[in-house]
Amino acid sequence: MIKTDILIIGAGPVGLFAVFEAGLMKLRCHLIDIVSVPGGQLTELYPKKPIYDIPGYPKILAGKLISNLLKQAKPFKPGFTLGERAESFKKVGDFFEISTNMGTKLQGKVIFIAGGLGSMEPRKPKISLIDKFERKGIEFYVKDPDAYLNKKISISGGGDSALDWAIYFSKKSKYPINLIHRSKSFRANKDSVDKIFELSKAGKINLYLDSEVFSINGRNNHLKSLSVKDRNEINYTLETDYWFPLFGLVPKLGPIGNWGLDIVKNAIKVDNTNNYSTNIKGIFAIGDINTYDGKLKLILCGFHEATLAVHGAYEIIYPDKKKTLKYTTIQGVSGFD
Ligand SMILES: Cc1cc2nc3c(=O)[nH]c(=O)nc-3n(C[C@H](O)[C@H](O)[C@H](O)COP(=O)(O)OP(=O)(O)OC[C@H]3O[C@@H](n4cnc5c(N)ncnc54)[C@H](O)[C@@H]3O)c2cc1C
């Protein structure tokens, strides 16, 4: 059983910054995210785009901001449960207990919902048997890359995620990687596209352009092969142990919508005069997922909300202790030089 002070749902920029602010007040955090890598929208939607409105950074790539936030949180040793969705919660004594879709149970004295636009659910292709073989060869997230090494891998998609994983696996696998894309051109970063064509020439990636998977075949309750056809209706059978259809993620408020929280237009109503608390005592909502008069969905606003929510959490966790604001310039941060 994972037990901590603050359970944070969502490892986007706001959840990650909350870890740092909590650490300054000696509160421990554990983050849960359905996506298998931290970073929220910045990692999933625009890792290579520059952001210009982070204070102190005239320009910073979204991916770099996330690696900086992880570095800033590291001294406080946050725990991570990635690739799992927070499904339900109940009260167990003084703790909230969250259960995930994979059955993991986690307890925290306080919950921060930093779920952004909602949990990022994969866009699933409409092919029969897709549900039957999900997690039995059909994988919508690359949860543990090493688990797939030296297996026959096929990837579908034309965006950054599909290309980045094709490049990653092609460097490590003894089999060439099949990359299937329904168009001739890719939407991904130009460097990645150039690399894909290079690896294709070197025989490390088999490219199937203008092509789509139209059926899946399994044996012994596991994926065995994919049937692919191109625009000229020419069919191929690709022997495949693992197929990653990486067609992007769609945010959904999901199960949190049924937790008894005040929901207004798909967002959680919070009291912005009381540390971004929700209508359930001990549950706070910060970042893109919350709403209040004047709300702006900006990273820097989420950072502010995270800071105040940590102060609210402290008052709940230590009701009898005096809370003082100490500057980091005065007290320093252990773990940093
Ligand atoms: C293209 C684009 C450009 C942008 N440019 C800027 C900009 O220049 N400046 C700026 O300030 N903002 C910008 N934004 C907005 C910014 O990305 C968001 O404000 C920010 O990502 C919000 O952070 P967050 O941590 O609240 O949520 P998110 O980044 O959305 O992260 C939330 C995480 O919570 C997870 N989650 C949700 N529910 C669950 C659940 N039940 N279980 C498990 N995990 C869950 C999600 O999977 C996700 O990973 C941009 C957004 C986009 C799309």
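Ala, Val, Leu, Ile, Met, Phe, Trp, Tyr, Cys and Pro are counted here as nonpolar, Asp, Glu, Lys and Arg as charged, and the others, Gly among them, as polar. On that basis, the shell around the ligand holds 17 nonpolar, nine polar and six charged residues. The model is predicted.

**Ligand site**

The ligand is surrounded by 32 residues, and the closest are Asp-33, Gln-41, Tyr-46, Asp-288 and Ile-299.

| Residue | Protein atom | Ligand atom | Distance |
|---|---|---|---|
| Tyr-46 | polar side-chain atom | oxygen | 2.5 Å |
| Ile-299 | polar backbone atom | oxygen | 2.9 Å |
| Ile-34 | backbone N or O atom | nitrogen | 3.1 Å |

Taken alone, the ligand exposes 1000 Å², and the protein buries 86% of that area. The space that the ligand takes is the second largest pocket. Two or more residues of the shell around the ligand come from each of helix 1 (13-24), strand 2 (29-33), helix 2 (40-44) and strand 9 (119-122). Helix 2 gives the largest share of this shell, three residues.

**Largest pocket**

The largest pocket contains about 770 Å³ of space. Its lining consists of 26 residues, and Thr-43, Glu-44, Asp-160, Ser-161 and Asp-164 lie nearest the centre of the pocket. Helix 2 and helix 4 (160-172) are the elements that give two or more residues to this lining. The largest share, six residues, comes from helix 4. By class, the lining of the largest pocket has 15 nonpolar, six polar and five charged residues.

Definitions and conventions: Residues are numbered from 1 along each chain as its sequence is written. This is a predicted model: local features need pLDDT of at least 70, side-chain atom pairs count only at pLDDT 80 or more; totals for chains, interfaces and linings use all residues. Side-chain values use heavy atoms; hydrogens and water are left out. A residue is near a molecule or strand if one of its heavy atoms lies within 4 Å of it. A polar contact is a pair of N or O atoms within 3.5 Å; within protein, one must be able to donate a hydrogen and the other to accept it, and residues adjacent in sequence count only if both atoms are side-chain atoms. Accessible areas come from the Shrake-Rupley method with a 1.4 Å probe; for residues, only the protein chains shown count as cover. On a 1 Å grid over the protein atoms alone, a cavity is a set of points where a 1.4 Å probe fits but cannot get out, and a pocket is an open set with protein on both sides within 12 Å along at least five of seven lines; lining residues have an atom within 4 Å of a point. A molecule sits in a cavity or pocket if more than half of its atoms lie within 2 Å of its grid points. Helices (H or I, at least four residues) and strands (E, at least two) are DSSP runs, numbered from the N terminus. Grid points are joined across faces, edges and corners, and a volume is the space filled by probe spheres set on the points.
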